[in-house]
Amino acid sequence: MRPNSGGQTPRPTTFAAGTGERLLGWLLLLVVLILPLCWMVGYAMACSFGGIGLLSEGWTLQHWQLALSGNRLWRSLLLSSLLAGCSTSLAWLIALWLVIRSPRLRTDRRLQAVWLLPLSVPQVVLAFLASVILSRGGVLSRLCWWLGLSDGVAGFPVLVQDRFSIGLLAAMTVASVPLPVLFMTRVWRAARIDDYLMVACALGAAPGFAVRRVAIPMLWRRSRSLLLLLLLWNFSVWELPLLLGQQSPRMLSVLIQQSSGQFVLDERPQAFVYAAIYLLLAGGVVWKLSAGSERGLGTMPESGDG
Amino acid sequence: MGSLTALPLLSTGCSDDRRAGDRSGTPSALLIPWPELLKAAHGSRVRIAMWDGDPAINRWMQGWVAEQLQQLYKIRLEFSGLRGPELVSRLLAEREAGRDPGDLDVVWINGETFYQLRRISALQGPFTQLLPNRQWIDWDDPFIANDFQQPIDGYECPWGSVQFAVIYHSERVTQPPQSLAQLTAWIHRHPGRFTWDVSFTGMTFLKSILLELSGDRQAFARPLTEALWAAASARLWDWIRGVRADLWRNGRTFPEDVSQLHLLFSGGEVDFTMSSNDGEVDNKVLQGVLPEAARGYVPEFGSIRNSHYLGMPANAPNPAGALAVIDFLISPAAQLEKARPEVWGDGSVLSPEKLTGDWRVRFASIPGRLRAPSREEMQQRALPEPAAEVMMRLVQGFRREILEGA
Amino acid sequence: MVNSSAAGQQSPRRYRVAALLLVMLVPHLLLLLLSTGTGWSYPRLVPDRLDGGPWQQLFRFSGLLQAATTGGVLSVAAGALSTLFGLLISRAVRGTRGALRRLMRALLLLPFVISPVVAGVCVFDLAARTGLAGSFIGVLCGHILFGTATAAVVLSEAASDRADRLELLVRSLGGSTIAVWRHAVLPQTRGLLGVCLMQTTLISWLDYGIVLQIGGGRVQTLTLRLFSLIRESSVNHAALAALLLLLPSLVAAFLLILTGPRSDG
């Protein structure tokens, strides 16, 4: 999209945007983003310390102590981290395999556009599809019955709301694959990996060796920020674990939402302890991500595809 | 236009006493003759929050009820799908933010939801004395006057009266278990074929087990003490731990909602499902949700009988419209329609003794139950609903002791 | 394996695209099949009665059509406003340096990654205080929060020295702000604006968390109806709702496939 910033020319020292326009932009930033974000963090903090709330009995550390001393939060954090880590790693590996194994995918824009289809499937639909396909009464189970591979519902393994979160992990991985696929095809072009591979082969490297020592490290280095983003997205998923996950432990966003809307109102502030921890975690990761190139605000590769 | 007419009335309704959080006393805005109130409600929009987990109920509300209200009062009925806990947390957040008017006019509630909403002063009332159709209701009936042992005090209006029923597959279960010992034995003999949901219906089932294990049907009619709860709940958790290995999926997970349990039952994964509504089995078979072989019954150890109600949030934007809707929903015509097995099969809250001859005949001519014992027969095994606190402790305890202690 | 140009040349390209498309469309076809009938008892692979029930009820009780309309209006409005706001914000923060720039990046990335439902839980109080809870505008504001951040991140990619110089040129030739936008900003960002508009519209169209938390069941969109139908265990109706939900992205993807360039050349 923008020229590869290899040979940099000095930037104009004056802002192109006019003063009024910039003021409007800053005002919008304040109203649309900064204010609601500050409110979110502030409100979660205030509720978690008992500072506000109809049933609040004043500022206290009690809710934090209760939340941190129980195992609900830690189990939820562990589960969320594990599932996010596994699904992100699997998605990256699948995407890497697809991009390396399919040269056509790297050049054919239409083939790439097909990947927009799964990318635009919302989580709620994916969760529904996963349960329709993977549950014991689902399509796979029925196909197994027709093929004589199972003797009915009970003969099919539990893949949804299961103890090992297999269905959930599968759905999270499927949801995560398209983005790294599209990203890596773009990196492949932008970083001219083909040229490097040709040079490596010309210097005597075997094709497989060249891919392992040249292409994969380049793709890995350039997709680290995206992976971190993807990791956080997977850590934050809600609809998928809500429908496909087990009842305990819950993934963090489900735990927050369910704790904030439960019968036992006295435990509600604990939901905001979880929310505050989640927001701080997300803020930390985003702060780490934000140290980057001077130009764009995002994580897209420096492309030269025009 | 109707909304505009109601505007001055509503602004009076938002007077200082409501903002102060004291909801006692009927809002003065509603203390007007009924025809005038109907005039204020005419042409307005009424928003009702209800559990939306049953397609038949949704269809009836969005179809017949909405059309009748449109014809009678030109009221446009809008729906919000909110379950009890969601409703409580929403109205709590609104109270905290001082939101008045809010956006809900009528709420479908009972038990612990009523208890929590009263606790945070989120309900408006008393209002039931204003409803013309109150004349058909026997307000002295303890199953109507008390919601989970808490007097309703005019803050909610009874809408349906039901009793919990266990539903079994008559081709797979020839002798349904009657006692708790028989049920326990059946579960052990048929691993993976029994479970309950973690929502309202499943917890209602556990309450009847709790009462049976405590050995005293009136155990929770008294104010709940720590000692009483500790002793009773310990027995319940022990019973569940005793059978859990032979429950569906080894008792590590449970259906989220009764509709999921119905799905497991019709899919052949389990042999029992349940319902908070004793008349639902016929309705669900007619809908095709449950198989023809489904039969309802109440075990010898009994089942909880209770009522469900309609309330009005303290910050309801259209209280006049809300009253018109509630009054219509307890009218003989609406109650009769609701009681039909092919519609909903929900028990009427109207007292046959108080109804006029014509209506009494019509109610009596509702087709009898084909797949469940008569209401009178079932009511012989009715258990009183424990206090709302029991439900909350049960939900909390079940999560801690069973789900998280897996 | 390594050579990108030679390996795949032999096999007809259109068959590859068609084959991949078919694989990607399997879930859509399954939804279509389930939505054409009533009931789905085990072990049948097709609905019990192929009576088109859900499609017939689409125009009656299910509220799907109304929900689709509400969601459509909401997403188009959210997409347009988010793209506009995102462009203005990305241009305003473009000149920042050092720690302020890092802070801006973090601020714009945060809504990009946090869970909408958690955001909804924490921001409901603000929405209730400002009278936006349970309203179309409230949900719109929630979607704009997420859409604007996304748009600002995407549109920041449009920044280039060439673009800056072009703007300065128009300005130095006496062009007003409108002229700068007309002759420099919009032509330079047209492609990205289209992508952004599509992306932010889809974010809004597909959202459930914000609609649930801020809309509180009152603003009925397709995602809300779909979840409700899933809770009802109405498989056939839920399949229809899911299909309707996927329709816009399906159309957009097909347009891209049919009209986009075949290769990098």
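**Briefing: chains A, B and C**

Both faces of strand S8 of chain B are covered: B:Phe272 and B:Met274 on one side, and B:Thr273 and B:Ser275 on the other, are all buried. A residue counts as buried if 20 or more other C-beta atoms lie within 10 Å of its own, as exposed if 12 or fewer do, and as partly exposed in between, with C-beta atoms placed from the backbone. Helices (H or I, at least four residues) and strands (E, at least two) are DSSP runs, numbered from the N terminus. This is a predicted model, in which local features need pLDDT of at least 70 and side-chain atom pairs count only at pLDDT 80 or more, while totals for chains, interfaces and linings use all residues. Residues are numbered from 1 along each chain as its sequence is written, and chains are lettered from A and ligands numbered from 1 in the order in which they are written.

**The sheet in chain B**

- Three strands of chain B form an open sheet in the order S8-S7-S9, with antiparallel pairing; two strands pair if DSSP finds at least two bridges between them.
- S8 and S9 of chain B are at the edges with a single partner strand each, so one side of each has no neighbour in the sheet.
- On average, neighbouring strands of this sheet are turned by 30° against each other, direction ignored; the axes are lines fitted to C-alpha atoms, for helices over the stretch in contact, and angles run from 0 to 180 degrees between N-to-C directions.
- Strand S7 of chain B (residues 165-169) has five of its five residues buried, so it is largely enclosed by the rest of the structure.
- In a regular strand the side chains alternate between the two faces of the sheet.
- On one side of S7(B) are B:Ala165, B:Ile167 and B:His169, and on the other are B:Val166 and B:Tyr168, all of them buried.

**Strand pairing**

- S7(B) pairs with S8 (residues 272-275) of chain B in the antiparallel sense, over four bridges.
- Across this pairing, B:Ala165 stands opposite B:Ser275, B:Val166 opposite B:Met274, and B:Ile167 opposite B:Thr273.
- S7(B) is also joined by four bridges to S9 (residues 294-297) of chain B, and these two strands run antiparallel.
- In S9(B), B:Arg295 is the residue opposite B:Tyr168.

**Chains A and C**

- Chain A has 15 helices and zero strands, and 52% of its 306 residues count as buried.
- Chain C has eleven helices and zero strands, and 53% of its 265 residues count as buried.
- The C-alpha trace of chain C spans about 70 × 65 × 30 Å along its principal axes.
- In chain A, residues 24 or more positions apart account for 70% of the contacts with a separation of 6 or more; two residues are in contact if their C-beta atoms, placed from the backbone, lie within 7 Å.
- For chain C, 70% of the contacts with a separation of 6 or more are between residues 24 or more positions apart.

**Interface of chain A with chain C**

- The contact takes 88 residues from chain A and 85 residues from chain C.
- Helix H1 (residues 19-48) of chain A gives the most to the side of chain A that touches chain C, with 16 residues.
- That side of chain A has 58 nonpolar, 15 polar and 15 charged residues; Ala, Val, Leu, Ile, Met, Phe, Trp, Tyr, Cys and Pro count as nonpolar, Asp, Glu, Lys and Arg as charged, and the others, Gly among them, as polar.

**Interface of chain C with chain B**

- Here 19 residues of chain C are in contact with 28 residues of chain B.
- Helix H5 (116-129) and helix H10 (222-231) of chain C are the elements that give two or more residues to the side of chain C that touches chain B.
- H5(C) provides the largest share of that side, four residues.
- By class, the side of chain C that touches chain B has five nonpolar, nine polar and five charged residues.

**Nonpolar core**

- The largest nonpolar core has 279 residues, and those with the most contacts inside it are A:Ala275, B:Val325 and C:Ala242.
- Such a core is a set of buried Ala, Val, Leu, Ile, Met, Phe, Trp, Tyr and Cys residues joined through C-beta atoms within 7 Å.
- Helix H6 (residues 136-155) of chain C supplies the largest share of this core, twelve residues.
- Not counting residues up to four places away in sequence, A:Ala275 touches A:Ala44, A:Ile256, C:Val118, C:Val121 and C:Cys122.
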